[in-house]
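Please open the model in your viewer and keep the selection tool at hand. The stops below are meant to be followed in order.

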Amino acid sequence: MTATPTTRPAPVPAATVAAGTGAGSQRARTRLPFSTWHLLLAPLALLFAVPLLWLLLSSVMSNAEINRFPPALWPSSIDLGGYRYVLGNAMFPRWFANSLIVSAVAVGSNLVLGALGGYAFARMRFAGSRVLLASMLATMAIPFQLTMIPTFLVMKRLGLIDTLGALIVPSLVTPFAVFLFRQFFLSLPRELEEAAWIDGCSRLRVLLLIVLPLSRPALSTVAVLTFLATWNDLTWPLIAINHDTQYTLPLGLTTFQGLHHTQWSAVMAGNVITVLPVLLAFLLAQKSFIRSITSSGLKG
């Protein structure tokens, strides 16, 4: 009995397999033109956008429609009474200007003082620098409720109570701004600075001409977070400010809520106007914000 020889298929060249794999992946990318993570992130983004959408819809409802039970999810008609009430209030432009002044000064001072402090901790070694850095970072773990009474007493001694200075001085520089700048400066190569020192640049000139132009992501992040914190702050203005001419926007909006009657449409419209500058600031600095967090959060 003679065995019948079996014929083996010819081996497929590796280049052909690679070409087929590449074509398959190309077809997969054609069918799905975005990352699969977007399938999870898109619903989460919509979930986080629901409160903002509800705020916007409620701002164009009437008080009766807002107070109706069960609550209305969609306005039956566009009612701009809340916006007319807010913008017709004589003090609202003053509150907006106060918030803008306090936030602008706080952002500018944190950028300047935070960058100076962060560069000193990142590049300079002096006696007690590590202890001073640890002590500064430890203050970030102290709740504001424990420090607001001493802060109030200091502002009272300085004669700043019931003025915008009481809101500005405690926010001139924050430990978080110094820490974020330090972490970002540590990620920059020292060779660039050493080359500038060889050319005769001082430390301050190196910071201004070499380091800060490379630190735009950190600058944007500190600016956005500082603006967000000061613009939305309610607790400290509620303690330090008594007269309505010195109110900020969050504090001024509380006057629309009374003991027996609340202008909910005005409250919603005022909140929409208050949220818009924060959203614009974040959208403009979104890419720089992400770059700063990813670059400064990896090196301790």
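The model is predicted, so local features are described where pLDDT is at least 70 and side-chain atom pairs count only at pLDDT 80 or more, while totals for chains, interfaces and linings use all residues. Residues are numbered from 1 along each chain as its sequence is written, and side-chain values use heavy atoms, with hydrogens and water left out.

**The core**

Begin by selecting Tyr83, Val86, Phe92, Trp95, Leu167 and Phe256, which touch the most other members of the largest nonpolar core, a set of 31 residues. Such a core consists of buried Ala, Val, Leu, Ile, Met, Phe, Trp, Tyr and Cys residues joined through side-chain atoms within 4.5 Å, where buried means under 20% relative accessible area, exposed over 50%, and partly exposed in between, with a 1.4 Å probe and protein chains only. Next colour the elements that give two or more residues to this core, among them helix H4 (81-88), helix H5 (92-123) and helix H15 (264-284); helices here are DSSP runs of H or I with at least four residues, numbered from the N terminus. The largest share, seven residues, comes from H15.

**The charged pair**

Now select Glu193 and Arg123, whose side chains meet in a salt bridge with an N to O distance of 2.8 Å (a side-chain nitrogen of Lys or Arg within 4 Å of a carboxyl oxygen of Asp or Glu). The structure holds one salt bridge. Because Glu193 lies in helix H10 (residues 190-198) and Arg123 in helix H5, the pair ties together parts that are 70 residues apart in sequence. Glu193 counts as buried at 2% relative accessibility, and Arg123 is buried as well, with a relative accessible area of 7%.

From Glu193, move to Leu207, which is 14 residues away in sequence and 8.5 Å away in space, C-alpha to C-alpha. Leu207 lies in helix H11 and counts as buried at 4% relative accessibility.

**The surface**

Stay with helix H11 (residues 203-214) and select Arg203, which is found there. At 36% relative accessibility, Arg203 counts as partly exposed.

Finally, show Val112, Leu113, Leu116, Val173, Leu204, Leu208 and Leu209 as a surface, since together they make a nonpolar patch of about 600 Å² (patches are made of residues with over 30% relative accessible area and no salt bridge, like charges being joined within 9 Å and nonpolar side chains, Val, Leu, Ile, Met, Phe, Trp and Tyr, within 5 Å; areas come from the Shrake-Rupley method with a 1.4 Å probe, and for residues only the protein chains shown count as cover). H5 and H11 each supply at least two residues of this patch.
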